[in-house]
Amino acid sequence: MAADATEGAHCGYLAPVFVPDACTTPAASPERILLAGSTFDTNDDASCDGGIILQATGPELCVVRHRVITVAGPGTVRVTGGRALVLVADTELRVDGLLDVSADGTLGGPGASGVSGTLAGSAGGGGGAGGQFSGGSGGSTDAGFGGAGGAAVDRSMATVLFGGARPAFTSPTPTFSSVSGGGGGAVMLVACRGLVLVAGDIDAGGGRAQGGGDASLTATLSLRGGPGGGAGGYVAIAGASVVISGRLYANGGAGGGGTDLNNSVGLVGGDGQRSTLPALGGNANGTGGRGGNGGALGVGAQGGAGGSVAGAGGGGGGAVGTFHVFTPAGVVPALTPLEASPAISPPLTVPTR
């Protein structure tokens, strides 16, 4: 069915958004297999065998270019580094294992970019980062107002490939070093003249925030709001035909809990889960406020709870990221994932040459 539907598209090649010239020259190398259990570092220039692209704004792109590319399974290919990852195959790109571009706690995924969400006052919780929807607000108390959640980002209008954002979190003194959650990473999968098949999993979840408070356990100032969670990242898939039958996740990270106890910290939130369920916000210490849950399928990022009059609020949860699928005009992608959190956005059109 896919071959018949894309017969005309195979006469040319794609000119995908973000990397419009990536398919112009056929790949010289026949095949690249990303082995399960391996780590791919986008900061390693040698690993970017298709070149490194400098974007006008946003992170650099690490391009991997071969005729056929396979993300092997079962098992995980963990992607790290500051550059976003772009896999470009001529005829077929398969994801059979888990391609993990998620944040790891306060460390953003590959290509994570930007700051979203604010903190207003040391006793208020920080706002969560915005993604496909807005981030959760920080918990507010009489002792300090919480920060606003980050604004939503419309990826359908983007001309630059980038991952999820992290919230701002400014400590009033070096003693208070609680850190907001990292943004989920960015990955683009391209099959210039053929099929992109995602039978395995892709995870671009946002990271958990640390708890608010005295991380060094030496200070006597007790009030400290929890920071916000990171937003889910961005996954773009472009092919002459696209089949998705696996699992896609870009859930938001949860906010950290606040504290009003000396020499203490609130508890950390959870990383965006490989599930349709939200990551849970960190519990508070004393009478501080609990962190807000991260966004997930059908669930917006939750605001942090306010503590008591004297307590410090929890951080807001990070919002979900975005999944985009691009096919030539007239080609309908086969989108039947086992799970997708959030839901895959309506398909978009990619030009051909």
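**View 1. The largest nonpolar core has 33 residues.** Leu87, Leu99, Leu189, Val198, Ile202 and Ile237 have the most contacts inside this core. At least two of its residues come from each of strand 4 (61-71), strand 5, strand 6 (84-95), strand 8 (186-198), strand 10 (234-244) and strand 12 (322-327). A second, separate core of 21 residues includes Val63, Val190, Cys192 and Tyr234. A nonpolar core is a set of buried Ala, Val, Leu, Ile, Met, Phe, Trp, Tyr and Cys residues joined through side-chain atoms within 4.5 Å; buried means under 20% relative accessible area (1.4 Å probe, protein chains only). This is a predicted model: local features need pLDDT of at least 70, side-chain atom pairs count only at pLDDT 80 or more, and totals for chains, interfaces and linings use all residues. Residues are numbered from 1 along each chain as its sequence is written, and side-chain values use heavy atoms, without hydrogens and water.

View 2. Strands are DSSP runs (E, at least two residues), numbered from the N terminus; two pair if DSSP finds at least two bridges between them.

**View 3. Leu99 has Ile202 in strand 9 as its bridge partner.** Strand 7 (residues 98-100) and strand 9 (residues 201-203) pair in parallel over three bridges. Beyond its neighbours within four places in sequence, Leu99 is in contact (heavy atoms within 4.5 Å) with residues including Val71, Val77 and Leu189.

Note on methods:
Helices (H or I, at least four residues) and strands (E, at least two) are DSSP runs, numbered from the N terminus. Buried means under 20% relative accessible area, exposed over 50%, partly exposed in between (1.4 Å probe, protein chains only).
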